[in-house]
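I open these entries to keep track of what I looked up, going from the sheets to the domains and then to the chain as a whole.

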Amino acid sequence: MDVANKVIEIITREQHFEPGKVTIDSTFAELGIDSLDGVNIMFALEEEFKIDIPDAVAQNMRSVRQVVGGLTRVIEGKDISDLVAMAKGQTPAAGN
Amino acid sequence: MGAIASTGKNVPSFMDNLVGARSGIRRITLWDPSALTVQIAAEVPDYVPTDYFPLKRLDLTDRFAQFALIAAREAMESSQIKIAEEELPRFGVVTGSGMGGTQTLDREFFNLYAKNATRLHPFTIPRMMHNAATSQLCMEFGALGPSLAIATACSSSGHAIGEAFHLIKFGLADIMLAGGTDAPITYGMLRAWESVRVLASGDGNPSRACRPFSADRDGMVIGEGAGIFVLEELEHARRRGAKIYAEIAGYGASSDANHITQPSVEGPARAVRLALDEAKVNPEEVDYINAHGTGTRLNDVTETQVVKGVFGEHARRLAISSTKSMHGHTMGATGAIELVATVMAIERGVIPPTANYTQPDPECDLDYVPNQAREKKVRVAVSNSFAFGGLNAVLLVRRLE
């Protein structure tokens, strides 16, 4: 399953964007996605992939690449404690 | 003014249908009502949200807030008001709603309880909160002034308009958008209302179901919709050459402190007197009362006693009608849409009828303008809202001469 394509598809759908507007390099700022939109996108991703994304992680997503990266690790059951710690420590996320 | 209800999606068609005694009450179509005993309601007909809003806006807007926006847009457009940036802090919004975002809540709670969802849609709270209508209107029109959402059941929009009127009168604002909205036609709400045993079932003839003041009346019909007014300080309106439909001159608010559902006579009567007093109007000057007139056995006889108590002999001379007979009981919107009907009565010189008046009731023996609209010059009119819980709102409007 191609997580990146699914993420792009879901963001496009939830934000009612034209196809092609969202790319792996897009940031939320560029796309005009605010934190409420972000929460909605996380909800749609949780529903789609049947996973739970912790609040601290969900709130810290700022770009498509970050979402794909974080999501992939959650899906693969990999350790995300660094993401959680980073979010809780209010450190600006890398890759912005 | 703006209005959207079962009898029309704008003020002209809303009033045309009332004057034509055309009911908006039909069998429910929003979902299958077959499981209910009461299968009728006053729905806004052929309502397509995307006719009015882009998809992105709809994501965050429950049906009740959509109706408020539609009515507010009509009101702003027809008023032709242009609000300068420096005036925006003196421009506020007060809406009333009895039920808030019931469509959203109903759907999300179904997911939670029936489908064991472990998460609800993140937009649930912003959509269903009672103040969503007020906030959406503020955002749409840039209102920065005092803005509130009032929840007093059937009196919500009567109180909303009255409070907005007072904010202008007492110098806290110059322009207010005021009115109310409700979209309570969900399976859950209808089941809840059915259990109170005050709903008319319609006996297979929905448009004849609501028969206020008639001896064979058997209850109220739930409706949806919104009514919104642009209220403006008088000199401000005159300076810009505004079209002024009427002056709001009096607002009476009172509490019965009696029963959680049954009205008293004294509480509503006090609210009527307060409205008359504020407007400095004698009872004999009132031409028309748009009644609360729900069509329940209790309201209609109580309201008749209220009118007799306040107006004495003049009660027999003035005209009373219940437009709920056609647009249903729109809960938190009802004070507002009925005030639209009342102001349009002044504007057009025609009083909308009480539809479905079939049998005179000796306990309700006043002039209810039965079945047919009446041409009459209306100078001073009163609109009554008497809510569950004994909270009353009465508005007095008059032609500006």
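Entry 1. In this predicted model, I began with an open sheet of chain B, in which five strands follow the order 1-7-6-4-5 with mixed pairing. I then checked its edges, where I found strand 1 and strand 5 (148-150) of chain B, each with a single partner strand, so that one side of each has no neighbour in the sheet. From one strand to the next, I get an average twist of 15°.

Entry 2. I looked next at one pair inside this sheet: strand 6 and strand 7 of chain B run antiparallel to each other and are joined over eight bridges. Which residue of strand 7 of chain B stands opposite B:Asp182? I found B:Gly225 in that place. I also noted a helix against the sheet, namely helix 6 (residues 132-141) of chain B, which touches strand 4 (91-96), strand 5 and strand 6 of chain B and whose direction makes about 150° with that of strand 4.

Entry 3. I turned to another open sheet of chain B, where five strands come in the order 8-14-13-9-10, again with mixed pairing. Its edge strands are strand 8 (247-255) and strand 10 (319-321) of chain B, each of which pairs on one side only.

Entry 4. I located B:Ala387 opposite B:Leu391, the latter in strand 14 of chain B.

Entry 5. How is chain B divided into domains? I recorded domain 1 as 2-239 and domain 2 as 248-398, and between the centres of these two domains of chain B, taken over C-alpha atoms, I have 20 Å. On contacts, I noted that 60 residues of domain 1 of chain B meet 56 residues of domain 2 of chain B. Among the elements that give two or more residues to the domain 1 side are strand 1 (2-5), helix 1 (11-19) and strand 6 (175-182) of chain B. Which element gives the most to that side? I found helix 7 of chain B, with eight residues. By class, I listed 29 nonpolar, 24 polar and seven charged residues on the side of domain 1 of chain B that touches domain 2.

Entry 6. I then took chain B as a whole and noted 13 helices and 14 strands. Its C-alpha atoms fill a box of roughly 65 × 55 × 40 Å along the principal axes. I compared the radius of gyration of chain B, 20 Å, with the value near 21 Å that a compact globule of 401 residues would have, and the two agree. Buried residues make up 55% of the 401 residues in chain B. Of the contacts in chain B between residues at least 6 apart in sequence, I have 79% joining residues at least 24 apart.

Entry 7. Last, I looked up the contacts between the chains, where five residues of chain A meet six residues of chain B. On the chain A side I recorded two nonpolar, two polar and one charged residues.

Conventions: Residues numbered from 1 in each chain as written. Chains lettered and ligands numbered in written order. Predicted model: local features only at pLDDT ≥ 70, side-chain atom pairs only at ≥ 80, totals over all residues. Contact = placed C-beta atoms within 7 Å. Nonpolar A, V, L, I, M, F, W, Y, C, P; charged D, E, K, R; others polar. Pairing = 2+ DSSP bridges. Helix = DSSP H or I, 4+ residues; strand = E, 2+ residues; numbered from the N terminus. Rg over C-alpha atoms; globule rule 2.2 N^0.38 Å. Buried ≥ 20, exposed ≤ 12 C-beta atoms within 10 Å, placed from the backbone. Domains from an automatic or database assignment. Axes fitted to C-alpha atoms, helices over the stretch in contact; angles between N-to-C directions.
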